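Please read this report alongside the sequence and the coordinates. It covers selected features of the structure, grouped by topic.

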Amino acid sequence: MMKLETLLKEPPAHLLEAGDRQDTLLGVFVRTVRNLKGHPFPGWSTSEGRRAVAEALVPGLLQLPEFKRGAFHAEMPALDFDTRQQLLLYNLISPSLAARQDGCHIIISQKKNAVAMVNEEEHLVIHRFRQGYPPCKRGDNLRVGHFLESVETMNRTMDAAFDFAGDAAKDHYLTSIPSECGCGIQIYALLHLPALNLSHMMGQVTKAMEKLHVSISPYYSDGSDDTANRFMLYTFPAPGVHLKDIQEYFFEVVERVVEREVGVRNHLLHEPGQRIFDRVGRTYGMLKQARRLSIKEMRDAFSILRLGTVLDIIEWACGARKFIESLSALELELTVQAATMEDEDAAPLMLAERCRAFMKATPHVFHSPKDSDFD
Amino acid sequence: MFLTQIVNGKVTEMALCEECAKARGLFDPQSLTFAEKFFPQELQRQMDKIVRQLVQGDKEEKRRPAAEGCDVITACPVCHFTLEDYRRTNRLGCPDCYTFLASELNAPYGDAEDVETTQQEQPLRSTKDLEAELQQAVEREDYERAAVLRDEIKALNNAPKA
């Protein structure tokens, strides 16, 4: 079993690596939902009821290949507020489970790419993560295909081991919310879309997604306007729809959004208004000179810095990919540190100081364009 | 459970028994402390919703007459979740609710009525208003909405004048 200190020492690898396709596709994750027959759903259950569900599920989950070796396992009351906060920032726990207590369990795989949550909003919710993905059109989606196949294999093993509510043969599972019944799987793609956001085109994208029956929401859905240009595209389960049916359609849609983002970036690079150079330049200056930064300002600034890096406006001695990885690590580290600081007023000072130090310590060249480039 | 809500200096206090708290989505009182720390805005929204539901309770009852006295099963015999709980939370209590509350799930009474009410309450709009909205819909490339508006304008123009 993994110890809590080991779990929290390093963020999950999938949050640190640069995204594919010009750093637009940050990752894919799959949410599997199942409920046991004969037990009330967690929201209508008592502590005893939830414990009974945990007793029925946890031993079997710990035998799955994903969690068999070196996994972290805890019942929620054993985790304090700061730990839950950090797990949330590491995307290793859902907000629903983070707020729960007795009879609720979390199991995290050794590689931190699979999380099983018992008595979340449903009896069992499993998240599987994968960083980025390569081109997925024209039969070139093998790596994502392998990832989704491994999810299906795990689900088949679980279906054989547990008596889930619904009909596994028909790929129809019951959930506490009737409108969410279906194949019990949702696919999410995490996208970094600074150019679309900068060009005020996210409204159009959202409208288009509605028509294509794909949902889109900001990644940081805490009710604030903190997006850091990261958005989640995701599917909804539907009765009789198999994972393979959703997958092909969904990744086609993702591909179209990515193409639009890349197209807008190229357009912005050559537009006479020089909006993108202005934005990257201002952000660069802010990170080098600011004395106070909020978490939102820092996240937004890092997003624009990533964009400037991918577009070669800023060239880093360590290389673009390596730089983005170290920037992601710094963002997570600072967010955790700021969120757990006792003196709230000290956090903005700390964030600005660490950003200035990072910019100073990382060798780079800022390529300012000439006005004649836009004639 | 005791809840105190303060909005713009106005204090609303509520005392709920365990069953009522559950029925209003406050399933796990222990989690409220964590929810308050993690998601203050979400919790605030949830509290606002509960207060609204309590205040509008009588009105709601009138709009959705209960099926008491009929032969229809109104509570799941396994987990005792009621139709009223479902209407309030849009959730079910256990997998067996799908069997026992099937009629409600197949014919969402409340939703149908809501749609009807909304349609009835919608004021009649002039051709000019509709054309302005059509123009906006075209500008934002919302062609689905634009088509609906186009048909509305057409119907309005073809309607016999009083």
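The model is predicted. Local features are reported where pLDDT is at least 70, and side-chain atom pairs count only at pLDDT 80 or more.

## Helix packing: H6 and H14 of chain A

Two packed helices are described by the angle between their axes and the distance between the axes. In chain A, helix H6 (residues 81–89) packs with helix H14 (residues 320–339) at an angle of about 150°, and their axes are 10 Å apart. Because angles over 145 degrees count as roughly antiparallel, H6(A) is roughly antiparallel to H14(A). The crossing of H6(A) and H14(A) is right-handed.

On the H6(A) side, the contact involves Gln85(A), Gln86(A) and Leu89(A). These meet Leu332(A), Thr335(A), Val336(A) and Ala339(A) of H14(A). By class, the residues of the contact of H6(A) with H14(A) comprise 4 nonpolar, 3 polar and no charged.

## Helix packing: H13 and H15 of chain A

Helix H13 (residues 295–310) and helix H15 (residues 346–361) of chain A cross at roughly 20°, and their axes come within 10 Å. Angles under 35 degrees count as roughly parallel, and H13(A) and H15(A) are therefore roughly parallel to each other. Their crossing is right-handed.

H13(A) contributes Ile295(A), Met298(A), Phe302(A) and Leu305(A) to the contact, while H15(A) contributes Leu351(A), Cys355(A) and Met359(A). The residues of the contact of H13(A) with H15(A) divide into 7 nonpolar, no polar and no charged.

## Aromatic pairs

Over all chains, a search of the whole structure finds 9 aromatic pairs. One of them joins Phe162(A) and Phe164(A), with 5.5 Å centre to centre and 50° between the planes, and this pair is tilted. Phe162(A) has a relative accessible area of 11% and is buried. Phe164(A) is likewise buried, with a relative accessible area of 7%.

The ring centres of Phe250(A) and Phe251(A) are 5.3 Å apart, and the ring planes stand at 65°, so this pair is edge-to-face. Phe250(A) counts as buried at 0% relative accessibility, and Phe251(A) is buried with a relative accessible area of 4%. Elsewhere, ring pairs link Phe29(A), Phe129(A), Tyr188(A) and Tyr234(A) into a cluster.

## Positive phi angles

Most residues other than glycine have a negative phi. Gln22(A) has a phi near 60°, a positive value in a residue other than glycine. Gln22(A) lies in helix H3 (residues 20–23) of chain A. At 36% relative accessibility, Gln22(A) counts as partly exposed, because partly exposed covers the range between the buried limit of under 20% and the exposed limit of over 50%.

Asp171(A) is not a glycine either, and its phi is positive, at about 60°. Asp171(A) is placed in the loop between strand S6 (166–167) and strand S7 (172–173) of chain A. With 16% relative accessibility, Asp171(A) counts as buried.

Where in chain A is Leu307(A) found? Leu307(A) is in helix H13, and its relative accessible area of 1% makes it buried.

Which residues does Leu307(A) touch, not counting residues up to four places away in sequence? They are Pro194(A), Arg265(A) and Ile276(A). Leu307(A) and Thr24(A) are 283 residues apart along the chain, and their C-alpha atoms are separated by 9.3 Å.

## Make-up of chain B

The secondary structure of chain B consists of 10 helices and 2 strands. Read from the N terminus on, the order of the elements is β-β-α-α-α-α-α-α-α-α-α-α.

Chain B has 162 residues, and buried residues make up 30% of them. Of the contacts in chain B between residues at least 6 apart in sequence, 38% join residues at least 24 apart.

How values were computed: Residues numbered from 1 in each chain as written. Chains lettered and ligands numbered in written order. Heavy atoms only, no water. Axes fitted to C-alpha atoms, helices over the stretch in contact; angles between N-to-C directions. Helix = DSSP H or I, 4+ residues; strand = E, 2+ residues; numbered from the N terminus. Parallel < 35°, antiparallel > 145°, perpendicular 65-115°, else oblique. Left-handed = near helix turned anticlockwise from the far one by under 90°. Contact = heavy atoms within 4.5 Å. Nonpolar A, V, L, I, M, F, W, Y, C, P; charged D, E, K, R; others polar. Phe/Tyr/Trp six-rings, centres within 6.5 Å; stacked < 30°, edge-to-face > 60°. Buried < 20%, exposed > 50% of the residue type's maximum accessible area, 1.4 Å probe, protein only.
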